Amino acid sequence: MSGWEGTLRRSQKEVLDELRQAIDRLAPINGDRLPPERSLCAMLACSRETLRRCYAQLEAEGLIWRHVGQGTFRGRRPVHLPIRDTLLVEGATPPDIIRARLLLEPQVAAEAALAADENDVFHLRDKVAQGRRATDRAACEQADDAFHRAVAETSRNPVLIGFLVYLSGARRRVAWQREWDRTYRRIAPNEFQSIHSDQHDAVVDGIASRDPQQAASAMRLHLETIQAAMTFQPDIAGTGAT
């Protein structure tokens, strides 16, 4: 990997934090409009593609909203301006979300195995380690989300990254959180944490080996374990996660 490529990738990982700080300065009040994309790209020294990926995440978190032809605004989208994909996510059930993840994320892991370099593998291992250190449900979920997002970013495919950001937003909705809370209370936190971290490690093993099939299979098993735990199915992975 050339020095230029490494700098670009670091910029993509750092720009979200820089953008959060910029929003606090440039649009301190809900409803304030952010500067045009061109201005923000120059300010953050990033590409428009990178900025739009960050916008997608912030919009999923409810920190900004966008309106074609009018700009980007701080805060949640006004009730009188719904958008179709947001409405779809609001109505998604936990089975809908986990099924969508099963269809998409194994292939994302396979793409990551084809695109990864040593720095990516190191970054993914660090995300797994963060999950092992998590001490409560919120920290575990945050670490899990960061790991899956990192796998998508490793694929270098902006469309796949966008889908994962969309699904991440769906996981923050009330229906998913309610079911997730029930699951987490039913499973001892240390057992839950160890099982999922071990499975994350297995995904990284496949990516590190540059083996798309191994990476996809490990990701599929991980998601099926989550599905089984959330639907009270027998332990499909032999891990006690029921």
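Tutor: What follows sets computed values against the definitions behind the words.
This is a predicted model, in which local features need pLDDT of at least 70 and side-chain atom pairs count only at pLDDT 80 or more, while totals for chains, interfaces and linings use all residues. Residues are numbered from 1 along each chain as its sequence is written, and side-chain values use heavy atoms, with hydrogens and water left out.

Student: How many helices and strands does the protein have, and what makes a run of residues count as one?
Tutor: The protein has eleven helices and two strands, where helices (H or I, at least four residues) and strands (E, at least two) are DSSP runs numbered from the N terminus. Along the sequence the pattern reads α-α-α-β-β-α-α-α-α-α-α-α-α.

Student: Why are α5 and α11 called roughly antiparallel?
Tutor: The axes of α5 (residues 94-115) and α11 (residues 212-230) come within 7 Å and cross at roughly 160 degrees; these axes are lines fitted to C-alpha atoms over the stretch in contact, with angles from 0 to 180 degrees between N-to-C directions. Angles under 35 degrees count as roughly parallel, over 145 as roughly antiparallel, 65 to 115 as roughly perpendicular and the rest as oblique, and α5 and α11 are therefore roughly antiparallel.

Student: Which residues of α5 and α11 meet?
Tutor: With contact taken as heavy atoms within 4.5 Å, the residues of α5 that meet α11 include Ile98, Leu102 and Ala109, and those on the α11 side include Met219, Leu223 and Ile226. The residues of this contact divide into 15 nonpolar, two polar and four charged, where Ala, Val, Leu, Ile, Met, Phe, Trp, Tyr, Cys and Pro count as nonpolar, Asp, Glu, Lys and Arg as charged, and the others, Gly among them, as polar.

Student: What makes histidine 200 and cysteine 46 buried?
Tutor: Buried means under 20% relative accessible area, exposed over 50% and partly exposed in between, with a 1.4 Å probe and protein chains only. Histidine 200, in helix α10 (residues 189-208), has 6% and is therefore buried; cysteine 46, in the loop between α2 (37-44) and α3 (48-60), has 12% and is therefore buried.

Student: What does histidine 200 touch?
Tutor: Not counting residues up to four places away in sequence, histidine 200 touches Val128, Asp144, Phe147, His148 and His222.
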